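Hi there,

Here is the structure I promised to pass on. Have a look at it first, and then read my notes below.

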Amino acid sequence: MGKSRVIGLDVGTTHVRAAEVEFRGGGPARTAQPSVVRYGEVALPPGAVRDGEVTETSTVATALRQLWSQARFSHKDVVVGVGNQRVVVRDLDLPAMSLPQIRASLPFQVQDMLPVAIDDAILDYVPTGSFTGEHGPMTRGLLVAATKDTVHANIAAVESAGLRPSMVDLGAFALARLMARGELLGRTVGLVDIGARITTVVVVADGAPRLVRLLPSGGQDVTEAVAGALGISATEAEVRKREIGIGYAVPFELNAAAEAIRTVTAALVEAVRNTFVYYASGAPGAAAELIVLTGGGSQLPGLGQYLSSASRLPVTLGQPLSGLRVAGGSGIQQQHVDNQHTLAIPLGLAFGVAA
């Protein structure tokens with residue numbers, strides 16, 4: 001059996017990250033332990049990407065060229081992730097048809113469901129199940145609608161760097177593919193990836209995404225709140241917030257910063273909790289059993305306990321490298337292993353089109 005190598009590329013607010021994963025013939029389903037053969041990341045200056053959308057094409061392209069030069073990936077075909085507030089994901093049940101037929105019918109089926117004109121949107125559909133309705137067989141699934149501007153801005157930066165996008169994928173689906181494996185495959189799990197500006201929430205049941213929410217808040221919002229409360233730089237605030245955490249006693253002079261962290265985090269945790277409550281209300285007896293945290297913002301001390309108390313669910317930190325083999329010379333160092341929560345999206349994107 002042959003092997004294939006797929007590169008997942010995550011263009012985030014603070015970094016561009018890419019992971020090259022090797023699968024045996026047949027892709028992830030037939031590869032017991034895929035290998036991470038290359039990984040790299042390059043920091044982005046503030047403002048190059050805002051709210052998950054590239055705003056400075058040349059700056060991001062330069063970072064991508066640097067990333068490819070440093071990491072020495074084996075090719076330039078990439079699966080590009082998208083995910084921000086201009087991407088809509090909604091439940092949609094349709095009469096049973098082949099997937100190509102469903103996708104062809106979407107502009108006519110959903111034109112009254114979206115906040116943007118059909119001509120300004122890129123549409124996709126992800127089947128998650130089937131059932132028999134009043135008028136016959138039905139397909140249950142998720143509608144994905146992204147504004148063309150959002151997708152084209154990211155693709156323009158990737159192509160300007162000399163890379164070839166083979167697929168554009170929703171970061172939430174990448175997260176589900178990677179994390180809902182192994183012992184979590186048969187369970188109903190809430191995945192929460194806290195990025196710099198966007199928090200991705202996915203409910204996965206039996207390995208398939210059932211609900212997706214993209215929340216406009218993340219770790220950078222906490223950092224800025226601390227910087228404002230203490231009158232310090234963002235770099236200093238990043239260190240301070242991890243020293244303070246949430247739910248811990250602090251010296252008097254840090255009370256303002258602790259309150260700022262609590263205010264921002266409480267709003268985010270409430271939005272995450274409400275997502276799980278909403279899912280449980282529509283799926284009696286099938287509520288999430290466990291929350292798995294990933295993303296750079298997930299490392300705020302005390303956040304897991306706070307979210308667990310608010311949601312009344314056990315919370316654990318995800319291990320994206322679990323079940324994967326890290327090849328020698330991959331570029332993954334001990335600091336990446338220690339901070340592997342940031343690897344979930346690029347690794348998951350690589351799982352998207354392997355065959």
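**What I found**

Strand S9 (residues 136-147) is mostly covered, with ten of its twelve residues buried. Buried here means under 20% relative accessible area, exposed means over 50%, and partly exposed lies in between (1.4 Å probe, protein chains only). Helices (H or I, at least four residues) and strands (E, at least two) are DSSP runs, numbered from the N terminus.

Before going further, a note on the source: this is a predicted model, in which local features need pLDDT of at least 70 and side-chain atom pairs count only at pLDDT 80 or more, while totals for chains, interfaces and linings use all residues. Residues are numbered from 1 along each chain as its sequence is written, and side-chain values use heavy atoms, with hydrogens and water left out.

**Around S9**

Two strands pair if DSSP finds at least two bridges between them. S9 runs antiparallel to strand S7 (residues 87-95), and nine bridges join them; valine 87 stands opposite alanine 146 in S9. S9 is also antiparallel to strand S8 (residues 121-133), this time through twelve bridges. S8 and S9 form a hairpin with two residues between them, and glycine 133 has glycine 136 in S9 as its bridge partner.

**The six-stranded sheet**

Which strands make up the open sheet? The order is S10-S6-S1-S2-S3-S16, and the pairing is mixed. At its edges are strand S10 (164-170) and strand S16 (325-326), each of which pairs on one side only. S16 pairs with strand S3 (residues 35-43) in the parallel sense over two bridges, and valine 36 has valine 326 in S16 as its bridge partner.

**A covered helix**

Helix H4 (residues 171-179) is mostly covered too: eight of its nine residues are buried. Among the buried residues of H4 are Phe173, Leu175, Leu178 and Met179.

**The chain as a whole**

The secondary structure of the protein chain comes to ten helices and 16 strands. Its radius of gyration is 20 Å, close to the 20 Å that the globule rule gives for 355 residues, so the chain is as compact as a globular protein of that length. (The radius is taken over C-alpha atoms, and the rule is 2.2 Å times the number of residues to the power 0.38.) Along its principal axes, the C-alpha trace spans about 65 × 50 × 40 Å.

Buried residues make up 51% of the 355 residues. Of the contacts (heavy atoms within 4.5 Å) with a separation of 6 or more, 66% are between residues 24 or more positions apart. The chain exposes about 15900 Å², with carbon and sulfur atoms supplying 51% of it.

**Two backbone angles to look at**

Most residues other than glycine have a negative phi, and most peptide bonds are trans. Aspartate 51 has a positive phi, near 55°, and lies in the loop between strand S4 (49-50) and strand S5 (53-54). Is aspartate 51 buried, partly exposed or exposed? At 48% relative accessibility, aspartate 51 counts as partly exposed.

Arginine 312 also has a positive phi, near 60°. Arginine 312 lies in the loop between helix H8 (303-311) and strand S15 (315-317), and at 78% relative accessibility this arginine counts as exposed.

Best wishes

Definitions and conventions
Accessible areas come from the Shrake-Rupley method with a 1.4 Å probe; for residues, only the protein chains shown count as cover.
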